[in-house]
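Look at the structure below and find the two ligands. The paragraphs after it take them in turn.

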Amino acid sequence: MPATVLTPNLLTQTMTSSQPTIPSRGPRRLLVTGGAGFIASNFVHHWIERYPGDRVVVLDALTYAGNRSSLAAVEHHPNFRFVHGNICDRPLVDSLLEEEMIDTVAHFAAESHVDRSILGPAAFVQTNVVGTFTLLEAFRQQWEKRGKPMSDRFLHVSTDEVYGSLGPDDPAFTETTPYAPNSPYSASKAGSDHLARAYFHTYHMPTVITNCSNNYGPFHFPEKLIPLMCINILLGKPLPVYGDGQNVRDWLFVRDHCSALEVVLHKAPPGETYNIGGNNEVKNIDLVHQLCDLMDELAPDLPVRPSRQLITFVKDRPGHDRRYAINATKIRTELGWTPSETLETGLRKTVEWYLTHRHWWQPLLSSEYQAYYQQVYATTP
Ligand code: NAD
Ligand code: DAU
(Lines give C-alpha, C1' and ligand atoms only; values in the text may rest on other atoms or scores of the structure.)
(Ligands and ions follow the chains in the order given, each with its own letter.)
Protein backbone atom coordinates (compact mmCIF):
# COMPACT_ATOMS: atom_id res chain seq x y z
CA MET A 1 0.00 0.00 0.00
CA PRO A 2 1.53 3.36 -0.91
CA ALA A 3 1.95 5.85 1.91
CA THR A 4 -0.75 8.53 2.08
CA VAL A 5 0.62 12.07 1.90
CA LEU A 6 -1.57 14.18 4.16
CA THR A 7 -0.19 17.63 3.51
CA PRO A 8 2.16 18.87 0.84
CA ASN A 9 4.87 19.97 3.25
CA LEU A 10 8.50 19.08 3.57
CA LEU A 11 7.79 16.56 6.29
CA THR A 12 5.55 14.30 4.25
CA GLN A 13 7.50 14.77 1.06
CA THR A 14 10.83 13.76 2.48
CA MET A 15 10.19 11.85 5.68
CA THR A 16 7.93 9.08 4.42
CA SER A 17 9.42 5.71 5.35
CA SER A 18 10.61 3.41 2.60
CA GLN A 19 9.91 0.30 4.69
CA PRO A 20 7.35 -2.03 3.09
CA THR A 21 3.89 -2.03 4.65
CA ILE A 22 3.45 -5.05 6.87
CA PRO A 23 0.14 -6.89 6.45
CA SER A 24 -1.92 -6.09 9.51
CA ARG A 25 -4.33 -8.49 11.21
CA GLY A 26 -7.18 -6.02 10.61
CA PRO A 27 -7.76 -2.43 11.70
CA ARG A 28 -6.18 -1.66 15.04
CA ARG A 29 -7.43 0.77 17.67
CA LEU A 30 -4.44 2.54 19.13
CA LEU A 31 -4.00 4.69 22.20
CA VAL A 32 -0.81 6.73 21.72
CA THR A 33 0.31 8.32 24.98
CA GLY A 34 2.46 11.45 24.79
CA GLY A 35 1.40 11.89 21.15
CA ALA A 36 2.11 15.63 21.15
CA GLY A 37 5.76 15.00 22.02
CA PHE A 38 8.71 14.54 19.69
CA ILE A 39 8.83 10.82 18.91
CA ALA A 40 5.15 10.05 19.37
CA SER A 41 4.01 12.86 17.05
CA ASN A 42 6.30 11.43 14.37
CA PHE A 43 4.86 7.99 15.16
CA VAL A 44 1.29 9.29 14.73
CA HIS A 45 2.18 10.73 11.30
CA HIS A 46 3.93 7.53 10.36
CA TRP A 47 1.04 5.35 11.46
CA ILE A 48 -1.74 7.36 9.82
CA GLU A 49 0.21 7.60 6.56
CA ARG A 50 0.62 3.83 6.51
CA TYR A 51 -2.60 2.61 8.16
CA PRO A 52 -5.25 5.29 7.55
CA GLY A 53 -8.00 2.81 8.44
CA ASP A 54 -6.74 2.36 12.01
CA ARG A 55 -8.15 4.41 14.89
CA VAL A 56 -5.50 6.61 16.55
CA VAL A 57 -6.35 8.24 19.88
CA VAL A 58 -3.70 10.48 21.43
CA LEU A 59 -3.65 11.08 25.18
CA ASP A 60 -1.30 13.90 26.16
CA ALA A 61 -1.05 16.20 29.20
CA LEU A 62 0.54 18.97 27.08
CA THR A 63 3.43 19.62 29.43
CA TYR A 64 6.11 22.07 28.26
CA ALA A 65 7.27 19.28 25.88
CA GLY A 66 3.85 18.65 24.33
CA ASN A 67 2.92 20.66 21.28
CA ARG A 68 -0.44 20.37 19.59
CA SER A 69 0.92 22.00 16.44
CA SER A 70 3.13 18.95 15.87
CA LEU A 71 -0.10 17.08 15.08
CA ALA A 72 -1.63 19.77 12.86
CA ALA A 73 -1.39 17.65 9.70
CA VAL A 74 -3.53 14.87 11.18
CA GLU A 75 -5.96 16.87 13.35
CA HIS A 76 -8.79 16.55 10.82
CA HIS A 77 -8.19 12.97 9.84
CA PRO A 78 -11.46 11.08 10.45
CA ASN A 79 -9.78 8.33 12.47
CA PHE A 80 -7.77 10.66 14.70
CA ARG A 81 -8.75 11.98 18.13
CA PHE A 82 -6.78 14.14 20.55
CA VAL A 83 -7.52 13.95 24.27
CA HIS A 84 -5.91 16.43 26.64
CA GLY A 85 -5.26 14.49 29.84
CA ASN A 86 -2.82 12.82 32.18
CA ILE A 87 -1.79 9.15 32.07
CA CYS A 88 -1.95 9.16 35.90
CA ASP A 89 -5.70 9.90 35.74
CA ARG A 90 -7.09 6.39 36.11
CA PRO A 91 -10.80 7.19 35.54
CA LEU A 92 -9.90 9.04 32.33
CA VAL A 93 -7.69 6.20 31.10
CA ASP A 94 -10.37 3.61 31.97
CA SER A 95 -13.06 5.47 30.08
CA LEU A 96 -10.85 6.02 27.04
CA LEU A 97 -9.80 2.40 26.82
CA GLU A 98 -13.41 1.28 27.12
CA GLU A 99 -15.20 3.75 24.88
CA GLU A 100 -12.55 3.61 22.15
CA MET A 101 -12.23 -0.21 22.44
CA ILE A 102 -8.44 0.15 22.45
CA ASP A 103 -6.56 -3.03 21.54
CA THR A 104 -3.08 -1.47 21.21
CA VAL A 105 -1.34 0.94 23.54
CA ALA A 106 1.78 2.69 22.22
CA HIS A 107 3.13 4.23 25.41
CA PHE A 108 5.52 7.13 24.84
CA ALA A 109 4.38 9.66 27.47
CA ALA A 110 7.23 10.52 29.79
CA GLU A 111 9.34 13.20 31.29
CA SER A 112 12.27 12.69 28.95
CA HIS A 113 15.06 15.19 29.59
CA VAL A 114 18.01 14.14 31.77
CA ASP A 115 18.93 17.72 32.77
CA ARG A 116 15.39 18.37 34.00
CA SER A 117 15.45 15.11 35.99
CA ILE A 118 18.53 16.41 37.82
CA LEU A 119 16.77 19.68 38.66
CA GLY A 120 13.45 18.11 39.64
CA PRO A 121 13.17 14.32 39.81
CA ALA A 122 9.67 14.12 41.34
CA ALA A 123 7.80 14.62 38.07
CA PHE A 124 9.86 11.80 36.54
CA VAL A 125 8.81 9.30 39.19
CA GLN A 126 5.21 10.44 38.93
CA THR A 127 4.79 10.26 35.16
CA ASN A 128 7.31 7.59 34.24
CA VAL A 129 6.67 5.13 37.07
CA VAL A 130 3.20 5.92 38.45
CA GLY A 131 1.84 6.87 35.00
CA THR A 132 3.10 3.67 33.40
CA PHE A 133 1.68 1.63 36.28
CA THR A 134 -1.69 3.37 35.88
CA LEU A 135 -1.80 2.53 32.17
CA LEU A 136 -0.74 -1.07 32.71
CA GLU A 137 -3.39 -1.64 35.38
CA ALA A 138 -6.14 0.04 33.35
CA PHE A 139 -5.23 -1.92 30.23
CA ARG A 140 -5.07 -5.18 32.18
CA GLN A 141 -8.60 -4.66 33.46
CA GLN A 142 -10.01 -4.02 29.96
CA TRP A 143 -7.95 -6.81 28.40
CA GLU A 144 -9.23 -9.30 30.97
CA LYS A 145 -12.83 -8.14 30.41
CA ARG A 146 -12.41 -8.73 26.67
CA GLY A 147 -11.23 -12.32 27.22
CA LYS A 148 -7.44 -11.70 27.22
CA PRO A 149 -6.84 -11.56 23.45
CA MET A 150 -3.18 -12.30 22.79
CA SER A 151 -3.32 -10.22 19.60
CA ASP A 152 -3.58 -7.07 21.78
CA ARG A 153 -0.38 -5.17 22.48
CA PHE A 154 0.96 -2.86 25.16
CA LEU A 155 4.10 -1.35 23.60
CA HIS A 156 6.30 0.27 26.22
CA VAL A 157 8.74 2.67 24.54
CA SER A 158 11.95 2.95 26.54
CA THR A 159 15.55 4.02 26.30
CA ASP A 160 19.09 2.65 26.13
CA GLU A 161 19.93 4.84 29.14
CA VAL A 162 18.58 2.12 31.46
CA TYR A 163 21.75 0.13 30.72
CA GLY A 164 24.04 2.81 32.15
CA SER A 165 27.32 4.04 30.70
CA LEU A 166 29.90 2.20 28.54
CA GLY A 167 33.69 2.49 28.53
CA PRO A 168 35.40 3.21 25.20
CA ASP A 169 36.03 -0.46 24.36
CA ASP A 170 32.97 -2.07 25.94
CA PRO A 171 30.65 -4.03 23.64
CA ALA A 172 27.36 -2.30 22.76
CA PHE A 173 24.25 -2.86 24.89
CA THR A 174 22.26 -6.01 24.12
CA GLU A 175 18.83 -6.99 25.44
CA THR A 176 20.55 -8.98 28.22
CA THR A 177 22.86 -6.21 29.45
CA PRO A 178 22.11 -5.69 33.16
CA TYR A 179 20.23 -2.51 34.04
CA ALA A 180 22.40 0.20 35.67
CA PRO A 181 20.55 3.52 35.33
CA ASN A 182 22.52 6.58 36.45
CA SER A 183 20.13 9.56 36.34
CA PRO A 184 16.72 10.07 37.93
CA TYR A 185 15.36 9.98 34.36
CA SER A 186 16.89 6.62 33.46
CA ALA A 187 16.09 5.18 36.91
CA SER A 188 12.43 6.09 36.45
CA LYS A 189 12.41 4.57 32.95
CA ALA A 190 14.07 1.42 34.34
CA GLY A 191 11.31 1.16 36.96
CA SER A 192 8.65 1.43 34.28
CA ASP A 193 10.40 -1.21 32.11
CA HIS A 194 10.38 -3.63 35.03
CA LEU A 195 6.66 -3.07 35.54
CA ALA A 196 5.90 -3.72 31.85
CA ARG A 197 8.00 -6.88 32.00
CA ALA A 198 6.26 -8.05 35.17
CA TYR A 199 2.80 -7.63 33.61
CA PHE A 200 3.72 -10.18 30.96
CA HIS A 201 5.44 -12.54 33.38
CA THR A 202 2.69 -12.45 36.01
CA TYR A 203 -0.54 -11.84 34.08
CA HIS A 204 0.59 -12.91 30.56
CA MET A 205 -0.59 -9.50 29.36
CA PRO A 206 0.97 -9.02 25.89
CA THR A 207 3.51 -6.30 26.62
CA VAL A 208 6.55 -5.61 24.45
CA ILE A 209 9.41 -3.31 25.41
CA THR A 210 11.79 -1.37 23.17
CA ASN A 211 15.00 0.33 24.29
CA CYS A 212 16.14 2.90 21.77
CA SER A 213 19.18 5.12 21.36
CA ASN A 214 19.15 8.92 20.87
CA ASN A 215 16.59 10.10 18.33
CA TYR A 216 16.72 13.25 16.21
CA GLY A 217 14.53 14.79 13.51
CA PRO A 218 11.47 17.04 13.09
CA PHE A 219 9.36 18.23 16.06
CA HIS A 220 12.22 17.84 18.57
CA PHE A 221 11.93 20.26 21.50
CA PRO A 222 14.94 22.61 21.58
CA GLU A 223 16.33 21.52 24.95
CA LYS A 224 17.97 18.42 23.45
CA LEU A 225 21.39 18.60 21.80
CA ILE A 226 20.55 18.57 18.08
CA PRO A 227 17.59 21.00 17.93
CA LEU A 228 19.27 23.28 20.48
CA MET A 229 22.39 23.50 18.31
CA CYS A 230 20.38 24.04 15.09
CA ILE A 231 18.38 26.88 16.61
CA ASN A 232 21.31 28.53 18.38
CA ILE A 233 23.27 28.52 15.12
CA LEU A 234 20.33 30.19 13.36
CA LEU A 235 20.14 32.81 16.14
CA GLY A 236 23.91 33.31 16.39
CA LYS A 237 23.90 32.17 20.04
CA PRO A 238 26.61 30.15 21.87
CA LEU A 239 26.62 26.37 21.34
CA PRO A 240 27.04 24.90 24.86
CA VAL A 241 29.04 21.65 24.77
CA TYR A 242 29.10 19.89 28.14
CA GLY A 243 32.46 18.87 29.66
CA ASP A 244 35.12 17.88 27.14
CA GLY A 245 32.61 17.08 24.36
CA GLN A 246 33.95 13.50 24.13
CA ASN A 247 30.75 11.78 25.33
CA VAL A 248 29.40 9.38 22.73
CA ARG A 249 25.79 8.85 21.68
CA ASP A 250 24.31 6.47 19.08
CA TRP A 251 21.97 8.54 16.87
CA LEU A 252 18.83 7.30 15.09
CA PHE A 253 16.59 9.32 12.77
CA VAL A 254 13.16 9.47 14.41
CA ARG A 255 11.26 8.05 11.43
CA ASP A 256 13.53 4.99 11.56
CA HIS A 257 12.54 4.57 15.19
CA CYS A 258 8.88 4.75 14.11
CA SER A 259 9.36 2.05 11.47
CA ALA A 260 11.08 -0.13 14.09
CA LEU A 261 8.10 0.31 16.43
CA GLU A 262 5.80 -0.59 13.56
CA VAL A 263 7.53 -3.93 12.99
CA VAL A 264 7.62 -4.59 16.72
CA LEU A 265 3.87 -3.95 16.99
CA HIS A 266 3.13 -6.24 14.07
CA LYS A 267 5.66 -9.00 14.53
CA ALA A 268 7.11 -9.15 18.05
CA PRO A 269 5.90 -11.98 20.27
CA PRO A 270 4.41 -10.86 23.61
CA GLY A 271 6.92 -10.50 26.43
CA GLU A 272 9.86 -9.68 24.16
CA THR A 273 12.32 -6.80 24.40
CA TYR A 274 14.14 -5.23 21.44
CA ASN A 275 17.02 -2.79 21.32
CA ILE A 276 16.74 -0.19 18.55
CA GLY A 277 19.70 1.84 17.33
CA GLY A 278 21.16 3.59 14.34
CA ASN A 279 24.68 2.18 14.46
CA ASN A 280 25.86 5.80 14.42
CA GLU A 281 28.17 6.31 17.38
CA VAL A 282 29.51 9.86 17.41
CA LYS A 283 31.29 12.07 19.95
CA ASN A 284 29.23 15.13 20.84
CA ILE A 285 31.85 17.56 19.63
CA ASP A 286 32.07 15.82 16.24
CA LEU A 287 28.31 15.92 15.90
CA VAL A 288 28.25 19.65 16.70
CA HIS A 289 30.95 20.23 14.07
CA GLN A 290 28.85 18.32 11.53
CA LEU A 291 25.81 20.45 12.35
CA CYS A 292 27.78 23.67 12.08
CA ASP A 293 29.11 22.67 8.66
CA LEU A 294 25.66 21.68 7.42
CA MET A 295 24.17 24.97 8.60
CA ASP A 296 26.99 26.92 6.96
CA GLU A 297 26.17 25.08 3.72
CA LEU A 298 22.36 25.25 3.85
CA ALA A 299 21.42 28.46 5.70
CA PRO A 300 21.75 31.60 3.60
CA ASP A 301 21.67 34.30 6.30
CA LEU A 302 23.54 33.10 9.37
CA PRO A 303 24.33 35.88 11.86
CA VAL A 304 27.75 34.27 12.61
CA ARG A 305 29.71 32.36 10.00
CA PRO A 306 31.49 29.95 10.14
CA SER A 307 29.23 28.80 12.92
CA ARG A 308 31.92 26.68 14.61
CA GLN A 309 33.00 29.97 16.23
CA LEU A 310 29.92 29.72 18.44
CA ILE A 311 31.05 26.50 20.16
CA THR A 312 31.47 27.10 23.91
CA PHE A 313 32.57 24.42 26.36
CA VAL A 314 30.50 24.62 29.56
CA LYS A 315 30.46 22.77 32.89
CA ASP A 316 29.55 19.12 32.64
CA ARG A 317 26.17 17.55 33.37
CA PRO A 318 26.29 15.89 36.85
CA GLY A 319 26.69 12.11 36.49
CA HIS A 320 27.01 12.50 32.71
CA ASP A 321 27.02 9.06 31.04
CA ARG A 322 30.13 8.73 28.90
CA ARG A 323 29.02 6.44 26.10
CA TYR A 324 25.91 4.67 24.82
CA ALA A 325 25.94 2.13 21.99
CA ILE A 326 23.20 -0.22 20.83
CA ASN A 327 23.58 -3.69 19.43
CA ALA A 328 20.46 -4.00 17.24
CA THR A 329 21.16 -7.54 15.99
CA LYS A 330 18.02 -9.00 17.55
CA ILE A 331 15.51 -6.71 15.85
CA ARG A 332 17.39 -7.07 12.55
CA THR A 333 17.58 -10.86 12.55
CA GLU A 334 14.24 -11.67 14.22
CA LEU A 335 12.01 -8.94 12.77
CA GLY A 336 13.93 -7.82 9.65
CA TRP A 337 14.25 -4.15 10.64
CA THR A 338 17.15 -1.94 9.64
CA PRO A 339 17.32 1.87 9.60
CA SER A 340 16.91 3.70 6.28
CA GLU A 341 18.85 6.88 7.06
CA THR A 342 22.55 7.35 7.58
CA LEU A 343 23.60 10.06 10.02
CA GLU A 344 24.56 12.22 7.02
CA THR A 345 21.16 11.97 5.30
CA GLY A 346 19.19 12.20 8.54
CA LEU A 347 21.04 15.28 9.77
CA ARG A 348 20.59 16.98 6.41
CA LYS A 349 16.81 16.38 6.53
CA THR A 350 16.73 17.62 10.11
CA VAL A 351 18.65 20.82 9.41
CA GLU A 352 16.41 21.48 6.38
CA TRP A 353 13.36 20.98 8.58
CA TYR A 354 14.51 23.47 11.24
CA LEU A 355 15.37 25.94 8.48
CA THR A 356 11.87 25.76 7.00
CA HIS A 357 9.87 25.39 10.25
CA ARG A 358 10.78 28.55 12.18
CA HIS A 359 7.03 28.99 12.81
CA TRP A 360 7.11 25.70 14.77
CA TRP A 361 10.14 26.38 16.99
CA GLN A 362 10.09 30.18 17.43
CA PRO A 363 7.09 30.17 19.86
CA LEU A 364 8.86 27.59 22.03
CA LEU A 365 11.61 30.02 23.02
CA SER A 366 9.40 31.48 25.76
CA SER A 367 10.42 33.20 28.97
CA GLU A 368 9.84 29.88 30.78
CA TYR A 369 12.33 28.27 28.40
CA GLN A 370 14.91 31.01 29.02
CA ALA A 371 14.42 30.67 32.80
CA TYR A 372 14.97 26.92 32.52
CA TYR A 373 18.31 27.54 30.82
CA GLN A 374 19.43 29.93 33.51
CA GLN A 375 18.68 27.19 36.06
CA VAL A 376 20.62 24.51 34.13
CA TYR A 377 23.75 26.63 33.98
CA ALA A 378 23.36 27.90 37.55
CA THR A 379 23.19 24.40 39.03
CA THR A 380 25.81 22.48 37.07
CA PRO A 381 28.74 22.00 39.52
P1 NAD B 1 9.05 14.36 24.75
O2 NAD B 1 9.53 14.94 26.04
O3 NAD B 1 9.33 15.09 23.49
O4 NAD B 1 7.46 14.17 24.81
C5 NAD B 1 6.82 13.65 25.93
C6 NAD B 1 5.32 13.84 25.72
O7 NAD B 1 4.65 13.22 26.82
C8 NAD B 1 4.88 15.31 25.68
O9 NAD B 1 3.96 15.51 24.65
C10 NAD B 1 4.24 15.52 27.04
O11 NAD B 1 3.22 16.52 27.03
C12 NAD B 1 3.66 14.14 27.31
N13 NAD B 1 3.50 13.88 28.74
C14 NAD B 1 4.41 14.09 29.74
N15 NAD B 1 3.87 13.73 30.91
C16 NAD B 1 2.62 13.27 30.66
C17 NAD B 1 1.60 12.74 31.47
N18 NAD B 1 1.74 12.61 32.79
N19 NAD B 1 0.44 12.34 30.88
C20 NAD B 1 0.28 12.47 29.54
N21 NAD B 1 1.22 12.97 28.72
C22 NAD B 1 2.38 13.36 29.28
O23 NAD B 1 9.59 12.87 24.72
P24 NAD B 1 10.32 12.08 23.54
O25 NAD B 1 11.73 12.52 23.46
O26 NAD B 1 9.48 12.11 22.34
O27 NAD B 1 10.31 10.60 24.15
C28 NAD B 1 9.15 9.78 24.03
C29 NAD B 1 9.42 8.45 24.71
O30 NAD B 1 10.54 7.82 24.07
C31 NAD B 1 9.80 8.58 26.19
O32 NAD B 1 9.21 7.52 26.88
C33 NAD B 1 11.32 8.46 26.20
O34 NAD B 1 11.76 7.90 27.41
C35 NAD B 1 11.54 7.51 25.05
N36 NAD B 1 12.83 7.65 24.34
C37 NAD B 1 13.24 8.88 23.89
C38 NAD B 1 14.43 8.98 23.16
C39 NAD B 1 14.92 10.30 22.62
O40 NAD B 1 16.03 10.36 22.07
N41 NAD B 1 14.16 11.38 22.71
C42 NAD B 1 15.19 7.83 22.92
C43 NAD B 1 14.74 6.60 23.41
C44 NAD B 1 13.54 6.52 24.10
O1 DAU C 1 19.76 7.61 24.75
C2 DAU C 1 18.40 7.89 24.67
C3 DAU C 1 18.09 9.17 25.41
O4 DAU C 1 18.58 10.23 24.59
C5 DAU C 1 16.62 9.37 25.70
O6 DAU C 1 16.18 8.37 26.57
C7 DAU C 1 16.35 10.75 26.32
O8 DAU C 1 14.97 10.94 26.47
C9 DAU C 1 16.91 11.80 25.39
O10 DAU C 1 16.75 13.06 25.97
C11 DAU C 1 18.39 11.53 25.10
O12 DAU C 1 19.19 11.72 26.29
P13 DAU C 1 20.61 12.45 26.24
O14 DAU C 1 20.89 12.97 27.58
O15 DAU C 1 21.63 11.58 25.60
O16 DAU C 1 20.25 13.64 25.16
P17 DAU C 1 20.60 15.18 25.13
O18 DAU C 1 20.18 15.68 23.80
O19 DAU C 1 20.13 15.89 26.35
O20 DAU C 1 22.19 15.17 25.16
C21 DAU C 1 22.95 14.49 24.18
C22 DAU C 1 24.42 14.63 24.55
O23 DAU C 1 24.79 16.00 24.36
C24 DAU C 1 24.72 14.32 26.01
O25 DAU C 1 26.00 13.73 26.09
C26 DAU C 1 24.73 15.69 26.68
C27 DAU C 1 25.25 16.60 25.58
N28 DAU C 1 24.74 17.98 25.59
C29 DAU C 1 23.40 18.18 25.67
C30 DAU C 1 22.87 19.44 25.66
C31 DAU C 1 21.38 19.67 25.78
C32 DAU C 1 25.62 19.05 25.45
O33 DAU C 1 26.85 18.86 25.35
N34 DAU C 1 25.09 20.32 25.43
C35 DAU C 1 23.75 20.57 25.55
O36 DAU C 1 23.35 21.74 25.57
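In this predicted model, an oxygen atom of ligand 1 is 3.5 Å from a polar backbone atom of Val 157. The protein covers 96% of the 830 Å² of accessible area that ligand 1 has on its own. Ser 112 places a polar side-chain atom 2.7 Å from an oxygen atom of ligand 1, and Asn 86 has one 2.9 Å from a nitrogen atom of ligand 1.

The shell around ligand 1 has 29 residues, and Ile 39, Asp 60, Ser 112, Tyr 185 and Lys 189 are the closest. By class, 13 of the shell residues are nonpolar, 13 are polar and three are charged. At least two residues each come from α2 (38-50), β5 (153-159), α6 (184-203) and β7 (214-216). The largest share belongs to β5, with three residues.

Now turn to ligand 2. Around it are 23 residues, of which Thr 159, Asp 160, Tyr 185, Arg 317 and His 320 come nearest. For Asp 160, an N or O atom of the side chain is 2.5 Å from an oxygen atom of ligand 2. A polar side-chain atom of His 320 is 2.6 Å from an oxygen atom of ligand 2, and one of Asn 214 is 2.7 Å from an oxygen atom of ligand 2. Taken alone, ligand 2 exposes 690 Å², and the protein buries 95% of that.

The shell around ligand 2 divides into nine nonpolar, eight polar and six charged residues. Both α7 (225-235) and β8 (239-242) supply at least two of its residues, and β8 gives the most, with three.

Note on methods. Residues are numbered from 1 along each chain as its sequence is written. Chains are lettered from A and ligands numbered from 1 in the order in which they are written. This is a predicted model: local features need pLDDT of at least 70, side-chain atom pairs count only at pLDDT 80 or more; totals for chains, interfaces and linings use all residues. Side-chain values use heavy atoms; hydrogens and water are left out. A residue is near a molecule or strand if one of its heavy atoms lies within 4 Å of it. A polar contact is a pair of N or O atoms within 3.5 Å; within protein, one must be able to donate a hydrogen and the other to accept it, and residues adjacent in sequence count only if both atoms are side-chain atoms. Accessible areas come from the Shrake-Rupley method with a 1.4 Å probe; for residues, only the protein chains shown count as cover. Helices (H or I, at least four residues) and strands (E, at least two) are DSSP runs, numbered from the N terminus. Ala, Val, Leu, Ile, Met, Phe, Trp, Tyr, Cys and Pro count as nonpolar, Asp, Glu, Lys and Arg as charged, and the others, Gly among them, as polar.
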